[in-house]
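This briefing is for a reader who is new to the structure shown below. It begins with a term used throughout and then goes topic by topic.

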Amino acid sequence: MLLFPVWGSILFCLLTGFLPVVGMEPAGGARSGSEPTPDPDPDPLLSPSASNCSQLTLKLEFSTKVVEHEYIVAFTGYFSARARSHYISSAIRNTRDQDLEWHIVPRENPASDFPSDFELVHIRQASPSSLLTLEDHPYIKRVTPQRKVFRTLKYFPCKFALRGTQSWQSSRPFRRTSLSLGSGFWHATGRHSSRRLLRAIPRQVAQILQADVLWQMGHTGSGVKVAVFDTGLSEKHPHFKNVKERTNWTNEKTLDDGLGHGTFVAGVIASMRECQGFAPDSELHIFRVFTNNQVSYTSWFLDAFNYAILKKIDVLNLSIGGPDFMDHPFVDKVWELTANRVIMVSAIGNDGPLYGTLNNPADQMDVIGVGGIDFEDNIARFSSRGMTTWELPGGYGRVKPDIVTYGSGVRGSGMKEGCRSLSGTSVASPVVAGAVTLLASTVLNRELVNPASMKQALIASARRLPGVNMFEQGHGKLDLIRAYQILNSYRPQASLSPSYIDLTECPYMWPYCSQPIYYGGMPTIVNVTILNGMGVTGRIVDKPIWQPYLPQNGDHIDVAVSYSPVLWPWAGYLAVSISVAKKAASWEGIAQGHVMVTVASPAENDSEVGGELTSTVKLPIKVKIVPTPPRSKRVLWDQYHNLRYPPGYFPRDNLRMKNDPLDWNGDHIHTNFRDMYQHLRSMGYFVEVLGAPITCFDASQYGAFTNTRTECGERRRPDITLSMFLVKAQQWWMPDTGGANVPALNDLISVWGMAFGDGLYEGDFTLADHDMYYASGCSIARFPEDGIVIAKNLKDQGLEVLKQETAVVEGVPILGLYQTPSEGGGRIALYGDSNCIDDSHRQKDCFWLLDALLQYTSYSMTPPSLSHSHSRVAPPAGTDRLLPQRLEGNHLYRYSKVLEAHLGDPKPRPLPACPHLSWAKPQPVNETAPSNLWKHQKLLSVDLDKVALPNVRAYRPQVRPLSPGESGAWDIPGGIMPGHYNQEVGQTIPVFAFLGAMVVLSFFVVQLTKAKNKPKRRKPRVKRPTYLQQQQQTTMGKNPTV
Amino acid sequence: MINSRFVHSSFILLLESQRFESIKRVGLPITSHDILYLWILQEERTIRDRTLLEVRDSDHRIPWKVRFNLGNSSRQIIQCRNSIQGKTLLTDELGYVCERKDLLVNGCCNVNVPSTRQYICKSCLANGCCSIYEYCVSCCLQPDKQPLLEHFLNRAAEGFQNLFTAVEDHFELCLAKCRTSSQSVQHENTYRNPQAKYCYGESPPELLPV
């Protein structure tokens, strides 16, 4: 359980805020800051060619000041312009101040024809007392000075920014008492478009999502049992009216919440006052599964889950998560819950913005995994993302999260009373759980509500966020009202997630859209999830059919499909592998077609025994084909030989990262090596992934083969294995191998007379004018004498770890370049540390070196800065030292794909057969795909246009600027603040008087109970609640500079 | 050079979170051994915690109230509860196991199908642990299992109080008892016996060596 804030540097942004209004509380901390980011977000949309400069710093400035003689007169209701003018003149007459000169400031905008609840009035020489008398008028609510807001956005190229920082703005409501303005606040972000700058934020998340529309229709969650698995809840909390039961599953003898997390989560779901939840009348079941120290174990969860099944819980919120999807007892139990019709909603994790950070159980197909956004519809930085990693290395990950919703600065119940703000995906999760509870209560035939149909309704209704890929936003942002419409016209059916495959659509289908396919490349795999609302179990009838569209070159691709033999519980996978046909080897263009799948489930309500429900779904496919690139441009990434946690415990490459010692991000070019991938793409390389043994590819087709896990850590002396784990009693748990499997790598490179040594080094150095950091890397122990070897002075980290002594070793060989002597022979480059291209915990990148090495291996161009470096040394013969051996008694063979246990030493396994895709027999059709695949893929039998809209109260209009890509039919009742028009900003955008101090949304990942990251079999599973402690003002962290 | 304050403060946080005041070593940099030590302590604590879930003293009995409907399975039943979750099999409350396709609209298994069997202990071992959940439930519903179940209830640990005091009848008891639970795991993330993990009997699954 390591508690660890993320350290980052802080950047103060300019902010000025005047608050000259008499009788108001002074502003709170007027502060703005930037978010520490070790990993800048190289948004492919923002910076398509961002090779060296993938970071932008956004600087936001604003100020407000009172406009002289102008006042906002707010009314108690909505009145026509004439009536407003009449009320004001009669009110001014009542002041008996005859000197008052006044006129109404005209607002010329389309909204002026409609009734309004405020007026902007120019009054000369108004005394405070006369203003107060104005408020005596029965229809005038209040009079406030007009203020003007100045706002500018500035982008700074990365060289002006602090290294590794990207600013991230956030604000929180000003503490104001005399103005209702305080309850709304302005956000500003420059991430996508300045049009998104302005938005009124009503204070209640339930109202933002229009829950009050459903409340007015009489739906409040009654009759739905919702379980909160968290830190408990106090008995007499004033916010809750229907707490059915509280149970404790921890070793602490209390049912109360000593932390506030569980209360907050329960409040978002079901609070009935102050900060309202979604379903105040739902039946709350509180399961206390976390201690006040945030400790929890799988076994507590198992017993509590069993009780939830017995109690026939309908909706269960799990604001927890961890990397261990190999925790079979837990994963099986979650399946068991959904199989018993419990709708599971879980937080996707707070490990963003790094890719490959999805948490279990939110990454399961049967669970609704929820990511977080802020109130400007940006994906929250902390929200975990990237594909699932269960399927690696042979397959490709699924799309998660399923949906996103507000998870940043959301208000919910305080521990004893009142409200507070929290951020984190564990805040977003109860927003969805509450919405799901409310939705379930609107359905007359509850039989139709099950984990699959609910998820289908949520994802079919979600609103896609522009400029964000599907591995960050899933299907988009929760839309409660549309989900209500879909759910109430739902008929049991199967659907797909994603519902179409358009490999040309950027950025939504990133990374697929970032690299076209070509003949001879590794097949592109898209892992589609089948959701089956017809029953807990289902099967695919016959085989999926591939139907290429002849008019659209569908015959230029080959498609192979593999799928779950049984769809249970409620879901299964459909993996589509796409390859280019030989006849298109030098063709360039777009090819389209579709795959048809029929799903069948036993009919439960059919009087005929053995009856089945069936549902046929179509999966459109669209790909871009290019001619096969030359060999020198093709790089092959070895995924097959990566070992990782789970299941084994393999220490991270950088041993300094003790708070996150396990390597769990998948080591894939689309997870934690994403920056490297984007860099290589921007340099024109085509990167493919090898998910099979090395014998399964044709090396003559590739310019480079990358096995990046070249790290040390394998020690012969058990005392310095950094044996971080032990377990039961006297048994030591030791790393099964180093971060890189050095002995295996040595086996591979020994034919060229090369080997890595057993030293473990770290330190800063300069190479070819680049600052470098060697993070727990190893040295080259043996190298051919005609090769180029670069050596640097580094610290012996092994010694430091062992004895806390610092010793600098001179001339540690770290880089080697070698040309094999044979005619047309290949070239080999070795570098002892991959941390500099890994996104997780990277300190200094070395993409320049990667470029140089690829130039060398592909084109035989040796950078002079390396070949003529002062650091060049004679290649080590390495005969004097023993090379690293595996630790005695290690269990690598259990996790390795190439070793197997024998009596005595593990021996290489016989290589498995290379995977063979059986290409589907095409059934060509003379069809043409619609131009927009996405819009055509919604749930069958649900036509949103025809579904009746709920009767929304019309007299509380809300104006809110549209985001790009969003349809106009959007209306948020409630929470409207009076304001005025600011002509500078836009004709249709009302600017409400702005008061605000930007506050650092102190992105405090309190990495609670990090012991979750524990080794397989050895450590108890410890769940951690996925929330961030928001707005803690201790933001002066910094990156560990090395 | 790594910031020593960084390392140090993380260590303190870690210690405080764990309340391992006794080994707070202010002023020294954290080492791998410190981490190791913390984990050792925590592991020990876990093992201690776990014992709380097992029977401690015979005085404390959970107030269970299960109604066993001994031998009256011949009673006319219009609507059956069943085990709901199965991938291919289901067990109804009369103890019949059938395939999903052989389930009647009223939730009962179609007894006229030859593959439907009552009180079947297929895949169950002598210690009362089975590899298939539905067979475990069916086996547990055998009337002669009542004494065994009562004995278990009388000795059930405090940790199971919530669950087993809420159980109302024989069928619910068997559904709940056969599920994997805290008794089914070792090291929190591995089954004691992945082959036979559903137990109607008193003892946890036999511990298989890793």
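A residue is called buried when its relative accessible area is under 20%, exposed when that area is over 50%, and partly exposed in between. A:Ser426, with a relative accessible area of 1%, is therefore buried. The model is predicted. Chain A has 17 helices and 45 strands, and 65% of its 1042 residues are buried.

**Chain A as a whole**

- The accessible surface of chain A comes to about 37,200 Å², and carbon and sulfur atoms hold 53% of that surface.
- Among contacts in chain A with a separation of 6 or more, 78% are between residues 24 or more positions apart.

**Positions listed as active site**

- An unreviewed UniProt entry lists A:Asp230, A:His261 and A:Ser426 under "active site".
- These positions are spread over 197 residues of sequence, yet they cluster in space, with a largest C-alpha distance of 10.2 Å.
- A:His261 is part of helix α5 of chain A, which covers residues 261–270.
- The relative accessibility of A:His261 is 2%, so this residue counts as buried.
- The side chains of A:His261 and A:Asp230 are joined by a polar contact of 2.4 Å.
- A:Ser426 belongs to helix α8 of chain A, residues 425–442.

**Aromatic pairs**

- Over all chains, the structure holds 28 aromatic pairs.
- One of them is the stacked pair of A:Trp249 and A:Phe287, with 6.2 Å from centre to centre and 15 degrees between the planes.
- A:Trp249 lies in the loop between β9 (243–248) and α5 of chain A, while A:Phe287 lies in strand β10 (residues 283–288) of chain A, so the pair ties together parts that are 38 residues apart in sequence.
- Both partners are buried: A:Trp249 has a relative accessible area of 5%, and A:Phe287 has one of 1%.
- A:Phe305 and A:Phe330 form a tilted pair, at 5.9 Å centre to centre and with 55 degrees between the planes.
- This pair links distant parts of the chain, since A:Phe305 is in helix α6 (residues 298–310) of chain A and A:Phe330 is in helix α7 (residues 328–339) of chain A, 25 residues apart.
- A:Phe305 is buried at 0% relative accessible area, and A:Phe330 counts as buried at 0% relative accessibility.
- Ring pairs join these residues into a cluster that includes A:Phe229, A:Trp249, A:Phe287, A:Phe290, A:Phe301, A:Phe305, A:Tyr307 and A:Phe330.

**Helix α12 of chain A**

- Helix α12 (residues 674–682) of chain A is mostly covered, with eight of its nine residues buried.
- The buried residues are A:Arg674, A:Asp675, A:Met676, A:Tyr677, A:Gln678, A:His679, A:Leu680 and A:Arg681.
- They pack against α10 (470–473), β27 (634–638), β28 (686–690) and α15 (847–859) of chain A.
- A:Gln678 in this helix has a relative accessibility of 15% and therefore counts as buried.
- A:Gln678 and A:Ala339 are 339 residues apart in sequence, and their C-alpha atoms are 40 Å apart in space.
- After α12(A) comes A:Gly684, whose phi is positive, near 95 degrees.

**Arginines over rings**

- A:Arg674 lies over the face of A:Trp510, at 4.8 Å from the ring centre.
- A:Arg464 lies over the face of A:Trp934, at 3.6 Å from the ring centre.

**Backbone exceptions**

- Most residues other than glycine have a negative phi, and most peptide bonds are trans.
- The bond from A:Trp510 to A:Pro511 is cis, with omega about 5 degrees, and A:Pro511 lies in the loop between β19 (501–502) and β20 (524–532) of chain A.
- A cis peptide bond also leads from A:Asn360 to A:Pro361, with omega near 10 degrees, and A:Pro361 sits in the loop between β13 (343–347) and β14 (368–373) of chain A.
- A:Asp542 is not a glycine but has a positive phi of about 50 degrees.
- A:Asp542 is in the loop between β21 (539–540) and β22 (545–548) of chain A, and at 66% relative accessibility A:Asp542 counts as exposed.
- In chain B, B:Ile84 is not a glycine either and has a positive phi of about 55 degrees.
- B:Ile84 is placed in the loop between α2 (32–51) and β1 (89–91) of chain B, and at 33% relative accessibility B:Ile84 counts as partly exposed.

Technical notes:
Residues numbered from 1 in each chain as written. Chains lettered and ligands numbered in written order. Predicted model: local features only at pLDDT ≥ 70, side-chain atom pairs only at ≥ 80, totals over all residues. Heavy atoms only, no water. Buried < 20%, exposed > 50% of the residue type's maximum accessible area, 1.4 Å probe, protein only. Helix = DSSP H or I, 4+ residues; strand = E, 2+ residues; numbered from the N terminus. Contact = heavy atoms within 4.5 Å. Areas by Shrake-Rupley, 256 points an atom, 1.4 Å probe, with all protein chains shown as cover. UniProt positions renumbered as here; feature names shortened; annotations may be inferred. Polar contact = N/O pair within 3.5 Å; in protein donor to acceptor, adjacent residues only side chain to side chain. Phe/Tyr/Trp six-rings, centres within 6.5 Å; stacked < 30°, edge-to-face > 60°. Lys NZ or Arg CZ within 6 Å of the ring centre and 35° of its normal.
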